[in-house]
Amino acid sequence: MEPFLISTGVVALGEIGDKTQLLALLLAARFRRPVPIILGIFVATVCNHALAGVVGETVARFLGPDLLRWVIGVSFLAMAAWMLVPDEIDDAEGSTQRFGVFGTTVIAFFLAEMGDKTQIATVALAARYSDLFQVVAGTTFGMMLANVPAVLLGDRAARAIPMRLVHAIAAGIFAVLGVLTLFNVGRLF
């Protein structure tokens, strides 16, 4: 259960104020059709994070336990620093005439997640934990926890949440995970 819960928490906090959450707000404001947008976010996230998880798991197989511990620990510390950098939305909108609301959301979200903080976190979490399903389920659930309210509540929620505090908490979690991994707390490797 630990991989699921940590993956959920880290991604849910990391996603708040992220460019994909801003994309969810943009799509909700533009289309005003929450169900296809939410389903599109879910499909894009599952596909993107499953691929990221496979990459993380593959990296874990090729590196020895000592090197893997250092790579993951430093990755978590780098993610902690990255969490403190505010995100701005990229121009990820596509044409809805061709793909509809659902298709536009899937494509825009999948592309926006490429190289994003939450995708990199998924790679690191999959390398860290041996249960790919729990990591991908957790990161997907975390994305949905952060993005469904953004779609349903729109701008009001984004203005009410202190982004610096949320990013600081997420950075703290990544830093703790990094230090624990580097010091091999609990003999996880």
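**Cores and helices in a predicted all-helix chain**

The largest nonpolar core holds 20 residues, and those with the most contacts inside it are L23, A24, L27, I37, I41, F109 and V151. A nonpolar core here is a set of buried Ala, Val, Leu, Ile, Met, Phe, Trp, Tyr and Cys residues joined through side-chain atoms within 4.5 Å; buried means under 20% relative accessible area, exposed over 50%, and partly exposed in between (1.4 Å probe, protein chains only). At least two residues of this core come from each of helix 2, helix 3 (34-62), helix 5 (96-113) and helix 7 (132-153). Helix 2 gives the most, with six residues. Apart from this core lies another, of 15 residues, including V10, A80, A126 and A171. Nonpolar side chains in soluble globular proteins tend to be buried together.

A word on the ground rules. The model is predicted, with local features needing pLDDT of at least 70 and side-chain atom pairs counting only at pLDDT 80 or more, while totals for chains, interfaces and linings use all residues. Residues are numbered from 1 along each chain as its sequence is written, and side-chain values use heavy atoms, with hydrogens and water left out.

Zooming out, the chain has nine helices and zero strands, where helices (H or I, at least four residues) and strands (E, at least two) are DSSP runs numbered from the N terminus. Of its 189 residues, 46% count as buried. The chain exposes about 9400 Å², with carbon and sulfur atoms supplying 69% of that; these areas come from the Shrake-Rupley method with a 1.4 Å probe, and for residues only the protein chains shown count as cover. Take the contacts (heavy atoms within 4.5 Å) between residues at least 6 apart in sequence: 92% of them join residues at least 24 apart.

Back to helix 2, residues 19-31. Its 13 residues should span 18 Å at 1.5 Å a residue, and the end C-alpha atoms are 18 Å apart, so the two agree; the expected span is 1.5 Å times one less than the number of residues. Buried along helix 2 are K19, T20, Q21, L23, A24, L25, L27, A28 and F31.

Leaving aside neighbours within four places in sequence, E57 is in contact with A126, A127, S130 and L132. E57 and V123 sit 66 residues apart in sequence but 7.6 Å apart in space, C-alpha to C-alpha.
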